[in-house]
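Let's take a walk through this one together. Have the sequence and the 3D view open side by side, and follow along.

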Amino acid sequence: LKKRNILNFEQFNLDSRLMAATKKAGYETATPIQEAAIPAAVRGRDIIGTAQTGTGKTAAFVLPILNKLLSSGQRGLTRALIVTPTRELAEQINDVIKELSAGTKVRSATIYGGVGANPQIQALRNGAEILVACPGRLLDLINQGHAKMGNIEILVLDEADRMFDMGFLPDVKRIVKAVPEKRQTMLFSAT
Ligand code: AMP
């Protein structure tokens, strides 16, 4: 507990733009899941995290993703994929990405069913670097050749237990097969 209280965001060695964004967002002290996940994730390790909504888990995977996109590799390619069970969660995650990537020009897009695919296809064409996607529509866009998985370096399975409860396991398996084997994987589950 003592360690948790003194571990602030400075100690994660994140890109200075991300440090500024966390300050602006009002983050002062890392939450337990952030303290546990961010150092390992920044080092490129695979992660299994147990965390509910409201614990700061979104930033625990968004900050390492942004740090990687900003610190190495080519911009404008789809390099990170976050898979989540509902469109509401997809939008919430994308809001956190927007907040924490302010001023970096990193582009993200949400992909989910129940709305027209054309704006999503356009966002993919425009070079979205982070996709926040629900399984069904993402698979459609992969199968149609619109969503290209060949450059994915980081895969996040968010609310994995809920995805499986909702019957998404076959779709998630197909998505995992579609991304490169050599990648970083982070799995978050409430249970
Ligand atoms: P989440 O668990 O990802 O849904 O996050 C819950 C809320 O906590 C969000 O509104 C975040 O903006 C906020 N949050 C995340 N990390 C921190 C932090 N280290 N300090 C303060 N607020 C945070």
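Is E129 buried or exposed? Keep in mind as we look that this is a predicted model. You'll find E129 in the loop between α6 (118-125) and β4 (130-133). Its relative accessibility is 2%, and because the cut-off for buried is under 20%, E129 counts as buried.

The space it takes is the largest pocket. Around the ligand you'll see F9, Y27, T29, T31, Q34, T53, G54, T55, G56, K57 and T58.

A backbone polar atom of T29 is 2.9 Å from a nitrogen atom of the ligand. At G56 the backbone is again involved, with one of its polar atoms 2.7 Å from a ligand oxygen. T58 uses its side chain instead, placing a polar atom 2.6 Å from an oxygen atom of the ligand. As for cover, the ligand on its own would expose 500 Å², and the protein buries 67% of that.

One of the residues around the ligand, Q34, also takes us to the next stop, helix α3, which spans residues 32-42. Q34 is on the list of buried residues there, along with I33, E35, A37, I38, A40 and A41. After the helix comes G44, with a positive phi near 90°.

What is the phi of N13? It is positive, near 60°, and N13 is not a glycine. N13 sits in the loop between α1 (2-6) and α2 (16-24), and with a relative accessible area of 67% it is exposed.

K105 is the other case: its phi is positive at about 65°, although K105 is not a glycine either. Look for K105 in the loop between α5 (87-100) and β3 (108-111). Its relative accessible area is 74%, so K105 counts as exposed.

Conventions. Residues numbered from 1 in each chain as written. Predicted model: local features only at pLDDT ≥ 70, side-chain atom pairs only at ≥ 80, totals over all residues. Heavy atoms only, no water. Near = heavy atom within 4 Å. Polar contact = N/O pair within 3.5 Å; in protein donor to acceptor, adjacent residues only side chain to side chain. Areas by Shrake-Rupley, 256 points an atom, 1.4 Å probe, with all protein chains shown as cover. 1 Å grid on protein atoms, 1.4 Å probe; cavity = no way out; pocket = protein on both sides within 12 Å on 5 of 7 lines; lining within 4 Å. Sits in = over half its atoms within 2 Å of the grid points. Helix = DSSP H or I, 4+ residues; strand = E, 2+ residues; numbered from the N terminus. Buried < 20%, exposed > 50% of the residue type's maximum accessible area, 1.4 Å probe, protein only.
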